[in-house]
Structure formats: structure tokens, C-alpha cells
Amino acid sequence: MRVRILFFGVLKDLACKSSDVLDLPDSALVRDVLSHYLSEVPAMRESIASLAVAVNQEYAGPERILRTDDEVALLPPVSGGSGKASIVRDQIDTRGVLEQVKRSEDGAAVVFEGVVRNQTRGRRTLYLDYEAYEEMALAQMEGLAQQALKQFQVREAAIVHRLGRLKIGETSVLIVVASAHRAAAFEACRWLIDTLKRTVPIWKKEYFEDGAVWANGEPFPEEILRAGSPGAEGASK
């Protein structure tokens, strides 16, 4: 059978391509894909314990059985329009989103903007490039917004993330939460950005005067199966 493989972030650089087509025996597992690329791209061995895998835009463990025409995405830790979520490539219109979200019954509207800063760990930043596994990122962002409404009892939440090249001072991600009370709005907003940065498949590459690097992402949460999870030992040997 034949499956499509997608590489993101630093994995794209290591593999020297963004996608591949792989022929596998029937009933092959995710770990068989991992074994193949660990053999083909030995540099991936350093990252295997922190990688996550998605099959058809859903997180999957090493023992997931694959089928013909499945799409398998290899995901390094993330750096960070569909309903309440959208992905854009132009400047984010913070005021416009805020005005769409607010209602007369709201007592609070909390706005968070993630902004491109001019330095990272003492190195002068020139600009950033953001990329995403877009279909999955949108679905994940939409799910986070819906979860925030239930978990924090807020009325509305919106998430906008920008992709492509961003200059210093530009907004990369916007979160707006509206609620009758400020405490719930603040808590929901904080939870949304923290969870987005850990779980949504979006990556950034930082460009400096002396080179470029993919930003180190935060580890995936324990509930997300990773390539190095128990059962993948055979793939990492």
C-alpha cells in the first residue's frame, strides 16, 4: 500500500523535503514509517522521543494500523477561517476581531497578541517564518475555543494565527475572549495561548544576522501520543 508522508518544522530541513510517498506492506503500523525514516534520515534519531504523529489529521500512536492513501504527518514540538478559529497570511485585524466578538451583555473582553520581538536570547532577530499543518491546526484551534467556552463558562472566544513571513512588531497570534466577568475571561485566554503553544501544529523559524533556526517547541502534553512513547522502542533502535 502507499501512504503520503508530511514533514514540518525542523524535520522538513532534516529530510530535505516537505512531503514524500512511501510504499509499505499491508497493515503496516506508524512505527514502520518511523523506522523507515530513522534509517533514511539518521539525524531524526535525536528528535524521536519528542515527535508526535498524526494520521489523517488526528494524533496517533506508534501502533496505529495504516491503510492505503493515509496521510501521515511527522510533527516536532510546536513553537504555537473555521468557525471560532482562522489562519491568515495578511496582517491580523485585532480591532476588527474584537468588535466581532464583543456583545452588549459582556462585562469583559480580554485580548492577547503574540508579537514578533527583535531578539531571542541576545541574538538580533530579523524576521520570522511561520508554517503549519493547516487543516489539522484549524481543527485543533476550533476544538480549543469550544473547550474554553465549556471549561471556563465564557460566552465567546476567537483565535487567529498568521502564517508566512512576519516582521518585527507584527502580531503572529491573536486570542479574544468575551465574558460577563473578567476572571473567567483572563483564565480562558491564558489557558488558550498556553495550550495552543503546546498542541497546535504550527512552527516558527527565526532568522538572525548570523543564520536561522527552528524555534525549540514545548514538549507535547502527556495525553498526546508521541513517536517515542512506549511501543515505539523498536522504531528508535
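Helices (DSSP runs of H or I, at least four residues) and strands (DSSP runs of E, at least two) are numbered from the N terminus. You are looking at a predicted model: local features need pLDDT of at least 70 and side-chain atom pairs count only at pLDDT 80 or more, while totals for chains, interfaces and linings use all residues. Residues are numbered from 1 along each chain as its sequence is written, and side-chain values use heavy atoms, leaving out hydrogens and water.

**View 1. Thr195 sits in helix H5 (residues 182-199).** With a relative accessibility of 17%, Thr195 counts as buried; here buried means under 20% relative accessible area, exposed over 50%, and partly exposed in between (1.4 Å probe, protein chains only). Setting aside residues up to four places away in sequence, Thr195 touches Leu144 and Val200, where contact means heavy atoms within 4.5 Å.

**View 2. Helix H5 and what covers it.** From the first C-alpha to the last, the 18 residues of H5 reach 26 Å, close to the 26 Å expected at 1.5 Å a residue. The expected span is 1.5 Å times one less than the number of residues in the helix. Besides Thr195, the buried residues of H5 include Trp191, Leu192, Ile193 and Leu196. Among the elements covering the buried residues of H5 are strands E4, E7 (108-115), E10 (156-162) and E12 (171-179), together with helix H4.

**View 3. Helix H4 (residues 134-152) from end to end.** The end C-alpha atoms of H4 are 27 Å apart, which agrees with the 27 Å that its 19 residues should span at 1.5 Å a residue. Leu144, the contact of Thr195, is one of the buried residues of H4, as are Met141, Ala145, Ala148 and Phe152.

**View 4. An open sheet of 4 strands, in the order E6-E10-E12-E7.** The pairing in this sheet is mixed; two strands pair if DSSP finds at least two bridges between them. Strand E6 (85-88) and E7 are the edge strands, each with a single partner strand, so one side of each is left without a neighbour in the sheet. Direction ignored, neighbouring strands are turned by 10° against each other on average. E6 and E10 run parallel and are joined by 4 bridges, with Ile87 opposite His161 in E10. Helix H3 (residues 94-101) packs on this sheet and touches E7, E10 and E12, its direction making about 20° with that of E12. H5 also lies across E7, E10 and E12, running at about 150° to E12. For these values, axes are lines fitted to C-alpha atoms, for helices over the stretch in contact, and angles run from 0 to 180 degrees between N-to-C directions.

**View 5. An open sheet of 5 strands, in the order E2-E1-E5-E3-E4.** Its pairing is mixed. Strand E2 (19-23) and strand E4 (58-60) stand at the edges with a single partner strand each, so one side of each is left without a neighbour in the sheet. From one strand to the next, the twist averages 30°. Helix H2 (residues 30-40) packs on the sheet, where it touches strand E1 (2-7), E2, E3 and E5, and its direction makes about 115° with that of E2.

**View 6. Strand E3 (residues 52-55) and its partners.** E3 pairs with strand E5 (residues 71-75) in the antiparallel sense over 4 bridges. In E5, Leu74 is the bridge partner of Val53, and Ala73 is that of Ala54. E3 and E4 also run antiparallel, joined by 3 bridges, and Val55 stands opposite Glu58 in E4. Both faces of E3 are covered, with Ala52 and Ala54 on one side and Val53 and Val55 on the other, all buried.

View 7. Asp70 counts as buried, at 7% relative accessibility. C-alpha to C-alpha, Asp70 and Asn56 are 6.2 Å apart in space, though 14 residues apart in sequence. Neighbours within four places in sequence aside, the contacts of Asp70 include Arg2, Arg4, Val55 and Asn56.
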